[in-house]
Every structure is written in structure tokens, then in C-alpha cells.
Amino acid sequence: MAKAKMAGKAPAGPRLLRRVAVALAMLISFFPIFWLVSTSFKPQEEWAAYPPVWVSENPTLQNYRIVFAPEAARAFAASESGSLDYKVSTSAWKAFGDSAIISISATILSVLFGTLAAYSISRYRTGGDNYPFQFLTIRMFPPIAVVVPMVVVFSFLRLSDTFPGLIIAYTAFTLPFSIWMIRSFIDEVPVEIEGAAMLYGMGPLRAFLTVTLPLVKGGIMATALFVFILNWSEFLFALTLTQGQIMTVTVQVANYVSASSGKLYGVQAAMGTISTLPVILFGYLIQNHLVRGLSFGAVKR
């Protein structure tokens with residue numbers, strides 16, 4: 001009996017190593033978040049102090065005021081450069097609103113078209129066996145390789161610095177990822193289930209909507225979260241395809257630069273801290289589907 005109990009337990013040495021490894025991984029993962037939040041409450045003289053200030057003894061909300069209060073932003077910009085700096089003195093409310101419109105719209109379109117394309121590839125082998133991988137290679141292209149032709153095309157079509165232009169760009173860039181992810185979930189649903197539904201008089205479309213789609217709902221929600229993160233944090237397209245009429249969160253963060261002080265690390269940290277909240281909120285709202293979606297297909301039939 002004692003030997004059986006000993007056999008069921010791992011030796012103390014490996015268990016200790018695993019715990020140390022987990023603790024080290026958590027420390028590495030959460031330290032950037034800690035430093036981001038800590039810097040957002042630091043006064044200006046502590047942003048780049050040496051030795052570094054881990055937690056400020058004189059925390060301030062001035063960085064958040066500069067981000068959200070136009071009066072505080074203008075006063076800071078005037079004191080820094082002697083004149084109003086448009087990039088610093090602009091309130092971040094517009095950036096959050098523009099990013100929300102673009103990211104949510106692009107995520108919905110990417111997941112919608114991705115679901116339809118993934119079902120076609122999974123069930124009807126559209127394009128052949130190698131087509132899914134060929135489609136995914138589009139996502140492997142570095143954005144900088146395609147952004148210059150996109151600037152030319154979007155300028156010709158008058159889509160530069162517009163909501164439709166950025167929504168189209170974001171959707172096109174994340175669509176291969178959506179197709180690849182959702183296809184893997186649809187592949188795990190036995191075709192026989194749809195066949196049984198069709199025997200009861202359902203057409204292919206109705207069988208997909210009423211049988212297959214509810215089964216892969218968790219996977220679609222998980223894909224939507226990842227696509228939303230990609231859209232929300234995208235920077236290059238937002239920078240090159242806009243001229244100031246449209247402002248996203250990532251571009252606004254890069255704009256916090258002063259002529260006399262350089263990068264405004266505290267203000268950037270405040271903006272970065274706030275910009276993580278929509279992703280956390282979205283993940284919280286779909287958490288019931290997220291666990292099932294990420295684990296769907298883990299047990300092979």
C-alpha cells in the first residue's frame with residue numbers, strides 16, 4: 001500500500017523544479033504588466049529615473065488626466081514646448097472610439113467570412129487539399145511588404161483615412177487566421193451529424209446553421225477574441241493609411257512625444273493600461289465559450 005502511494009506521487013525534487021519554473025514563467029509574463037501600470041502612476045521625474053523606481057512614493061493621476069482631459073493635455077503641451085502640440089493635446093476619447101468602430105467591425109466581418117470559407121473548405125474541399133495552407137501564407141507576409149501597394153491602391157480608391165478603408169485592410173489581414181482556426185473546429189464535427197439532419201429534411205445551409213454552428217460556437221468565440229486582439233493592437237496599417245482624420249489607440253500612443261522631454265513614458269503607460277481593458281472585458285464576456293473553444297477537439301474520437 002505504501003509503495004502504491006509513493007508511486008502515485010512525483011519525487012519532491014521534480015515537483016519543486018516545476019513550481020520554480022511556473023513561478024519564473026509567471027514573473028516574466030506579468031512583469032511588463034506591473035511595470036506598465038506602475039509607470040502610469042509615476043510623476044514625470046520618475047519615468048526614466050536611475051536607479052529605477054519600482055513603485056512611486058508620490059503616485060499621481062496626471063498621466064491619466066493628460067490622456068482623457070483636453071484641458072490638462074493642452075496645459076501640459078504648452079508647458080513642455082511653449083506652444084500647443086496637437087499630438088499631445090488631443091484627447092484619447094476619439095482614438096478609443098475610432099479603434100472600437102474599426103476593430104469590432106473588422107472582427108465581425110473576418111469571423112463571418114472566415115466561418116463561411118472554413119465550412120466550404122472543410123466540407124467541400126474547396127481549392128483542393130493544399131488550399132488552406134496557401135491561404136495561410138498570405139498571413140505570413142510581413143505587413144511592411146504589402147503596405148506600400150495598399151497605400152497607392154487606397155489613395156486611388158479614396159479609401160485612405162476612412163473607416164471603410166481600415167476595416168477592409170484589417171479584415172483582409174486577419175481573414176486567413178480566421179479561416180485556419182475555424183476550419184480546425186469544423187473538422188472536429190463528424191460529417192455524419194449533418195447527414196443525419198439532412199435525412200430529416202434539412203438542407204445543407206439549415207443543417208450548418210442549426211447543427212454544426214452551435215457545436216463550434218466556442219471555437220468561433222475564441223477565434224473572435226484573437227482576431228479582435230490583432231485588430232485592436234495593429235499599428236502599421238493604422239499609421240500609413242491615415243493622415244489624422246482617423247486615429248486609433250496605437251497611433252495615439254506613438255503620438256505622445258514632447259519636443260523638450262522626448263517620449264512621454266508615463267502618458268504612454270497610462271494610455272497602454274487603459275487600452276488593455278477592452279480586451280480583458282471581451283475575454284470576460286465570452287469566458288464560458290472560451291474554455292470550451294480552446295479545448296474543443298483535444299480528445300480525438
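In this model, which is predicted, leucine 61 sits in the loop that runs between helix H2 (12–40) and helix H3 (62–68). Leucine 61 counts as partly exposed because its relative accessibility is 46%, a value that falls between the limits of under 20% for buried and over 50% for exposed. Leucine 61 also contributes to a nonpolar surface patch of about 620 Å², which it makes together with Val22, Met26, Phe30, Ile33, Val37 and Phe41.

As a general rule, most peptide bonds are trans, and most residues other than glycine have a negative phi.

Arginine 125, in the loop between helix H6 (93–124) and helix H7 (131–140), has a phi near 55°, which is positive even though the residue is not a glycine. Aspartate 161, placed in the loop between helix H8 (143–156) and helix H9 (163–187), likewise is not a glycine and has a positive phi, of about 60°.

Is each of these two residues buried, partly exposed or exposed? Arginine 125 has a relative accessible area of 47% and is therefore partly exposed, whereas aspartate 161, at 13% relative accessibility, counts as buried, because buried means under 20%.

Definitions and conventions:
Residues are numbered from 1 along each chain as its sequence is written. This is a predicted model: local features need pLDDT of at least 70, side-chain atom pairs count only at pLDDT 80 or more; totals for chains, interfaces and linings use all residues. Side-chain values use heavy atoms; hydrogens and water are left out. Patches are made of residues with over 30% relative accessible area and no salt bridge: like charges are joined within 9 Å, nonpolar side chains (Val, Leu, Ile, Met, Phe, Trp, Tyr) within 5 Å. Accessible areas come from the Shrake-Rupley method with a 1.4 Å probe; for residues, only the protein chains shown count as cover. A salt bridge is a side-chain nitrogen of Lys or Arg within 4 Å of a carboxyl oxygen of Asp or Glu. Helices (H or I, at least four residues) and strands (E, at least two) are DSSP runs, numbered from the N terminus. Buried means under 20% relative accessible area, exposed over 50%, partly exposed in between (1.4 Å probe, protein chains only).
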